[in-house]
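Have the sequence and the model open as you read.

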Amino acid sequence: MGPRLQLCQGCQLSGQVTGGLPESDYSARKRARWLTEQHHVSKLASARGGADLATTADSRVRAGAPLIGPGFVVAIAYVDPGNVATSTAAGVRYGYALLWVVIGTTVLAGMIQYLAAKLGLVTGQSLPEAVRDRLGTPARLAYWAQAELVLVATGLAEVLGGAIALNLLFDVPLLLGGIITATVSTGLLVMRDQAGQRKFEHVVVALLAIVGIGFLAGLVAAPPSDADILSGVTPRYIGPDSLWLMVGMLGATVMPHAVYLHSALAKDRGARASTEGLTRALRTTRADVATAMSLAGLVNLAVLMLAAGALPAMSDVDCLAEAHAAVGEHLGPVFALLFAVGLLASGLASTAVSTHAGAVVMSGLLHKQVPLAARRLFTLVPAIALLTIADDPTRTLVGTQVVLSFGLPFALIPLVILTSRRTLMGSRTNHPAVTAVVWVVTAAVIVLDAGLVWLTVTN
C-alpha cells in the first residue's frame, strides 16, 4: 500500500502541472522544463517587440529627418538685413506700437510657407514650374521679369546689409563691403554645388543661430516691460507716415522669393511614394515651418523692441549705424558687437538663399539650368551698381522691402489658386478657411500697395 500511495501522490502532484492528467515523474519534469522554455521565449518575444517598436520609431525619425531643414533655410530670408532695417526703423520711430504688425505678418508668413511646401510635396513641382505649365509664352516671360525685379531688390538689400555690417565692424567702405559680402556668399553657393544641399542647409541654419544670438542677446539684457509689450500687440493705425514702414514690414516678412524657393526645396524630398509617407511628410513640414518661422518672428520682435528700448520713440536716429551706436551706448560694446555680427551673418546667409531662389525661378519659368555661382553674378551687378548711388543705406533697405511687397501678389495669387484645386492636390486641397484667409491677405497687400502709390503721387 505504501508504494501505491506514493505513486498516487506523485500522480496528484503531476496533475497540478498537466491540468489533472496523471503522468510519470519523467513526463512531469519534461513538462515543467517545456513551460520554463516557453516563459523564456515569451520574454524574448516581448523584448524583441520592444526593439521592433524602437526600430520603427527610429525609422520614422530617419524618414522625417530630410524634411527638417527647408523651413530654416527659408527662415533666413525673414531675418535678412531688410527685415532688420524695417524693424529697427519701426522701433526708432514708433516705439513698440508696430509689434502687432510683426506678429501678424509672421503668422501669415508661416501659413503661406506651408502652402508653398505642400504644393511641392504633393505635386512634385515648384511654384515657378506649376505657373510655367499654365501660362503662354508672353505671360510667362512677363511673370519671370517681375520675379527677377523682386530678386534684384532682394539681392541689393542683402548685399547692402552685409556691407553695413562690415562697415560697423571694420570700418570697410560700403562698396568694398558689398563686394566682400557677395564674394563670401558666392563661396557658400559653390560649397552647396560641391557638398550637396544638406551641407548647405546645415551652414545656413548655423548662420541663422548666429543671427538669433546677435539680436536676442540685447533683448535678454534689457527686456521691455509688460506694459510696453501689451501696448504694441494691440492693432492700431498711427497715421499715413507709418504706411511706408508697414508695407515694408509686410514685404520683408512675407517674401515672394521665399515662397518660390520653399516649394522647390520641398518637392525633392521624396515623400510621394505612399499616402502614409505624404501624410507624415506634411506633418513634419508643418513642424519645420512652425519652428523656423517662430524663431524668425522672435528675432524680428527682438530687433524692434531693442530699437524701441535703446532709442526714444520718434527720435532723429534713422539708420542702422546710429542704432548700432545707440545699442552700444545703452547696453555696452559687447551687445553692439553682437548686433553687428548678427547683421553680417544675416547678409551672408540671406544673399546665398536669395541666389538659390533666383536659380529656382529661372529654371522653373525658363527651363534654363544656371550654376548658382553664375546666377550670383546675374543679380550682383545691379545690386553693386545701386549700392554706388545709395545716399541713405537704411532707407534704401526699407525701400527694397517695399518693392518686395509689390511682387507679393504675383506669388500669392497662383499659390492659393493651385493649392485649392482638387484636380491638382486631390485630398490635400486647402481648407476653405485657409483659402479665405490667404485671399484676404492678398487683397490687403494690393490695397496697401495702392495706398502707398497714391500717397507717394499726391505728396
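Q: Which helix gives the largest share of the nonpolar patch?
A: This is a predicted model: local features need pLDDT of at least 70, side-chain atom pairs count only at pLDDT 80 or more, and totals for chains, interfaces and linings use all residues. Residues are numbered from 1 along each chain as its sequence is written, and side-chain values use heavy atoms, with hydrogens and water left out. Helices (H or I, at least four residues) are DSSP runs, numbered from the N terminus. The largest share of the nonpolar patch, 3 residues, comes from H10.

Q: How much accessible area does the nonpolar patch have together?
A: A patch takes residues with over 30% relative accessible area and no salt bridge; nonpolar side chains (Val, Leu, Ile, Met, Phe, Trp, Tyr) are joined within 5 Å. Helix H5 (99–123) and helix H10 (226–233) each give two or more residues. Areas come from the Shrake-Rupley method with a 1.4 Å probe. Ile103, Val107, Ile229, Leu230 and Val233 together have about 400 Å².

Q: Is Val233 buried, partly exposed or exposed?
A: Val233 lies in helix H10. Buried means under 20% relative accessible area, exposed over 50%, partly exposed in between (1.4 Å probe, protein chains only). Val233 has 33% relative accessibility, so it counts as partly exposed.

Q: Which residue forms a salt bridge with Lys267?
A: A salt bridge is a side-chain nitrogen of Lys or Arg within 4 Å of a carboxyl oxygen of Asp or Glu. The structure holds 4 of them. In this one, N and O are 2.9 Å apart, and the partner of Lys267 is Glu129.

Q: How many residues apart are Lys267 and Glu129?
A: Both residues are buried. Lys267 is in helix H12 (residues 256–267) and Glu129 in helix H6 (residues 127–132). The pair links distant parts of the chain, and the separation is 138 residues.

Q: Is Glu201 buried or exposed?
A: Glu201 forms a salt bridge with Arg198, with the closest N and O atoms 2.9 Å apart. The two are 3 residues apart in helix H9, so about one helical turn separates them. Arg198 is partly exposed at 32%. Glu201 has 1% relative accessibility and therefore counts as buried.

Q: How far apart are the end C-alpha atoms of H19?
A: The expected span of a helix is 1.5 Å times one less than its number of residues. H19 (residues 432–458) has 27 residues, so it should span 39 Å. The end C-alpha atoms agree, at 39 Å.

Key
Patches are made of residues with over 30% relative accessible area and no salt bridge: like charges are joined within 9 Å, nonpolar side chains (Val, Leu, Ile, Met, Phe, Trp, Tyr) within 5 Å.
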